[in-house]
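Hi everyone, thanks for making time this morning.

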Amino acid sequence: MDMLLAHLLDAAGRAPSAHNTQPWLLRPLDVALEVRIQRDRMLPAVDPSGADLLHALGALLENVLLTLAARGLDGSYEVQEGAAPESVVLTIRWRPAEQPAFDPTLYRMIPIRRTSRLPYEPEAIPASTLAELESQATAPCRLRVLTDPSHVDEIRRLATDATVEQMADAPVAAELYRWLRFSRRDPRWYRDGLNASCMAWKRWEALLGRVLLAPLPLRLLSRAGLLRRLAGQVDQQAPRAPAVALLVLRGEGHARRIEAGRCLQRIWLTAAARGLVTHPISAAVDVSTTRPRVYERFGLGPDDRHVNLFRLGRSAPPSRSPRLPADELLALPAPPTIA
Ligand SMILES: Cc1cc2nc3c(=O)[nH]c(=O)nc-3n(C[C@H](O)[C@H](O)[C@H](O)COP(=O)(O)O)c2cc1C
């Protein structure tokens, strides 16, 4: 059990999450793993519906299921609809597989997949690779991809406009500031959140960001109408890419959102297997003024909901983002008290 647990924890801990908050707590049982949400790692301002949190849990679930299959085990899971923070939202169980269904390609990519915020090379992504990515988006999800350079640029501009709007939204900007790590001297640099290295910031950009992105200076910049100067560079917020993709979902509910997170992770792992990197640019769909333009450009119908909008391409190797130590992912029973 301990060897399996170590293996599962490693895979679970590598799952992506918005702002890299890693909002999960895992409780191992005999042949099951319970997953809870950590309230102080939620993002109430930027993710008020909790949809991105469920997508991240779905990515964690996919990593765990791929790992169980690699160990010759059959995973199944149960989602608790409407579970409150700190209570169990997901239970993953396993038993020996009758017909092993191990996907070595996706499994091997769990530690390789990374978000890259760097500029991407302009070479077109082969149609066969795009078709492979699209095939990972099974019902109730669909993947839409734009490769026409003028359409890609339009989405990049919308993402930038949306980021400027988010900077003017004090709770959203303060929440981002809380998860940014500007210097290696900050011990949180190695644990969680978005450090300057993952953000692809130069040293002077990190120094400036630390001062200007703090709530008070940001408010003053906003009042002075200077936010566009600070955050309005398209090549900074959403650098060039040969493609942008939108994962779309039909329906609502915790189970569907978690399913969508599984699809998203399979798509990102498949991209990694083809030497590609991804970069979510969620602002463009999170902000209500830019969302309709994005939906229109991707040709979404009235029942379609966005899961994740991301850049797709090839880049120089990005920095590896930090992760919490394994013991902090675990909710272990309290040690017995000594009378
Ligand atoms: C649901 C979701 C939404 C995300 N949204 C953004 C985003 O808007 N902008 C961004 O730069 N990264 C975004 N990310 C990427 C995370 O910041 C990234 O996964 C995390 O920092 C861990 O890094 P890694 O993907 O390299 O492991 C998102 C990730 C997830 C799972």
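Let me start with a question: is Arg-191 buried, partly exposed or exposed? Arg-191 is partly exposed, at a relative accessible area of 25%. For that label, buried is under 20% relative accessible area, exposed is over 50%, and partly exposed is in between, with a 1.4 Å probe and protein chains only.

Before going on, a word on what you're looking at. This is a predicted model, in which local features need pLDDT of at least 70 and side-chain atom pairs count only at pLDDT 80 or more, while totals for chains, interfaces and linings use all residues. Residues are numbered from 1 along each chain as its sequence is written, and side-chain values use heavy atoms, with hydrogens and water left out.

Back to Arg-191. Its salt-bridge partner is Glu-328, with the closest N and O atoms 2.8 Å apart. A salt bridge here is a side-chain nitrogen of Lys or Arg within 4 Å of a carboxyl oxygen of Asp or Glu. Arg-191 sits in the loop between β6 and β7, and Glu-328 in the segment after β10 (304-313), so this pair ties together parts 137 residues apart in sequence.

Another one joins Asp-192 to Arg-41, with 3.0 Å between the closest N and O atoms. Asp-192 lies in the loop between β6 (180-181) and β7 (194-195), and Arg-41 in the loop between β2 (32-37) and α2 (51-70), so parts 151 residues apart in sequence are tied together. Here Asp-192 is buried at 4% relative accessibility, and Arg-41 is buried as well, at 11%. There is also a network of salt bridges linking Glu-62, Glu-259, Arg-262 and Arg-266.

Helix α2 packs against helix α11 (residues 254-273) at about 60 degrees, their axes 6 Å apart. Axes are lines fitted to C-alpha atoms, for helices over the stretch in contact, and angles run from 0 to 180 degrees between N-to-C directions. That makes α2 oblique to α11; under 35 degrees would be roughly parallel, over 145 roughly antiparallel, 65 to 115 roughly perpendicular, and the rest is oblique. Contact means heavy atoms within 4.5 Å, and among the residues that meet are Glu-62 in α2 and Arg-262 in α11.

Now the second pair. The axes of α5 (residues 149-167) and α13 (residues 291-298) come within 10 Å and cross at roughly 165 degrees, so these two helices are roughly antiparallel to each other. On the α5 side, His-151, Glu-154, Ile-155 and Leu-158 meet Arg-293, Val-294, Arg-297 and Phe-298 of α13.

Finally, which loop holds Ile-281? Ile-281 lies between β9 (277-280) and α12 (283-286), and is buried at 6% relative accessibility. Its C-alpha atom is 6.3 Å from that of Ala-159, 122 residues away along the chain. Leaving aside neighbours within four places in sequence, Ile-281 has contacts that include Ile-155, Ala-159, Val-244 and Phe-310. That's my tour, and I'm happy to take questions!

Terms used:
Helix = DSSP H or I, 4+ residues; strand = E, 2+ residues; numbered from the N terminus.
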